Amino acid sequence: MELSECLVYEVLSDPSDWLTKGSFGELVALLKGVQVALCYSSRDVSEWNLHGSLRLHAHRNVITEINRAHADVEHVFSDTWIRRLQSILEQDALRDELGPVYRASPYSAGVFILYHDMEPQIGGSSELAIWRSVIRRPPMWMGGGDAATWHAFLLGCTRGAQWLGVDPSSYASRIQACFHNYAQTHLESSHGFYLSQPDAPFLSALAFQAVEDL
């Protein structure tokens with residue numbers, strides 16, 4: 001297993017290049033977005049490629065830290081926390097037994113925070129139907145409805161998917177463009193737009209227009 005093939009490691013190596021605030025909630029939303037894109041792709045992506053080995057760790061200190069951060073989605077990663085997660089991934093990249101652990105029992109290790117199986121949730125629904133659901137109930141799909149969470153989720157559907165060799169979601173790309181155009185018209189920058197956290201209904205209204213016009 002190569003660290004260069006692990007998306008989470010790539011994000012943790014430069015959080016500011018991927019996440020608006022660098023919060024745990026954004027990281028989770030990004031991975032959820034990637035998995036939505038994967039559900040409509042024929043490309044096979046391994047769990048290592050997506051989130052590495054982080055959900056396989058049942059070490060008490062790791063669980064405590066992840067649960068603490070996950071309880072507060074606005075919690076911003078500290079340098080120490082980032083290095084701890086990177087260290088876990090670096091150590092496991094050298095372990096031969098990690099593959100069989102994945103195959104033997106994907107739920108056994110107890111840390112399920114960074115993994116969200118979207119396939120049962122999506123079922124056989126069309127991509128348009130799913131995006132309508134996402135827009136109606138953002139917290140159910142992303143874990144939140146603020147602008148930074150939207151940004152992370154959409155980035156997972158587009159840039160995160162592309163990083164893994166998967167075609168980006170055209171719906172996510174359209175919503176991104178809609179948000180960008182609004183920010184360029186009404187604010188100084190897109191970054192300011194995502195930091196300003198407009199009301200969730202306002203974001204959903206923009207996204208709805210973008211999706212229905214596609």
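**Notes on the model**

1. T20 has a relative accessibility of 14% and therefore counts as buried, where buried means under 20% relative accessible area, exposed over 50% and partly exposed in between, with a 1.4 Å probe and protein chains only. This is a predicted model, in which local features need pLDDT of at least 70 and side-chain atom pairs count only at pLDDT 80 or more, while totals for chains, interfaces and linings use all residues. Residues are numbered from 1 along each chain as its sequence is written, and side-chain values use heavy atoms, with hydrogens and water left out.

2. T20 sits in the loop between helix 1 (7–13) and helix 2, helices (H or I, at least four residues) and strands (E, at least two) being DSSP runs numbered from the N terminus. Its side chain makes a polar contact with the side chain of H151, at 3.2 Å; a polar contact is a pair of N or O atoms within 3.5 Å, and within protein one must be able to donate a hydrogen and the other to accept it, with residues adjacent in sequence counting only if both atoms are side-chain atoms. Leaving aside residues up to four places away in sequence, T20 touches E26, A148, H151, H191, Y194 and L195, contact meaning heavy atoms within 4.5 Å.

3. On the overall fold, the protein has 13 helices and zero strands, and 49% of its 214 residues count as buried. Among contacts with a separation of 6 or more, 74% are accounted for by residues 24 or more positions apart.

4. Helix 2 is mostly covered, with 15 of its 16 residues buried. At 1.5 Å a residue its 16 residues should span 22 Å, and the end C-alpha atoms are 23 Å apart, which agrees; the expected span is 1.5 Å times one less than the number of residues.

5. Which residues touch the most other members of the largest nonpolar core? They are L7, L30, W131, W150, I175 and F179, in a core of 60 residues, and helix 2 (residues 24–39) supplies the largest share of this core, ten residues. A nonpolar core is a set of buried Ala, Val, Leu, Ile, Met, Phe, Trp, Tyr and Cys residues joined through side-chain atoms within 4.5 Å. L7, for its part, touches W18, L30, L31, V34, N49, L50, G160, W163 and L164, not counting residues up to four places away in sequence.

6. Helix 11 has as its buried residues Y171, A172, I175, C178, F179 and A183. They cover an arc of only 130 degrees around the axis, which puts them on the same side of helix 11, the arc being that of the directions from the helix axis to the C-beta atoms. What covers these residues includes helix 8 (127–136), helix 10 (147–163), helix 12 (190–196) and helix 13 (200–212). At the N-terminal end, S169 caps helix 11, with a side-chain oxygen 3.3 Å from the backbone nitrogen of Y171.

7. On the cysteines, C157 counts as buried at 0% relative accessibility, and C178 counts as buried at 19%. The structure holds zero disulfides, a disulfide being a pair of cysteine sulfur atoms within 2.5 Å.

8. Finally, D213 lies in the segment after helix 13 and is partly exposed, with a relative accessible area of 48%. The C-alpha atoms of D213 and Y171 are separated by 9.9 Å, although these residues are 42 residues apart along the chain.
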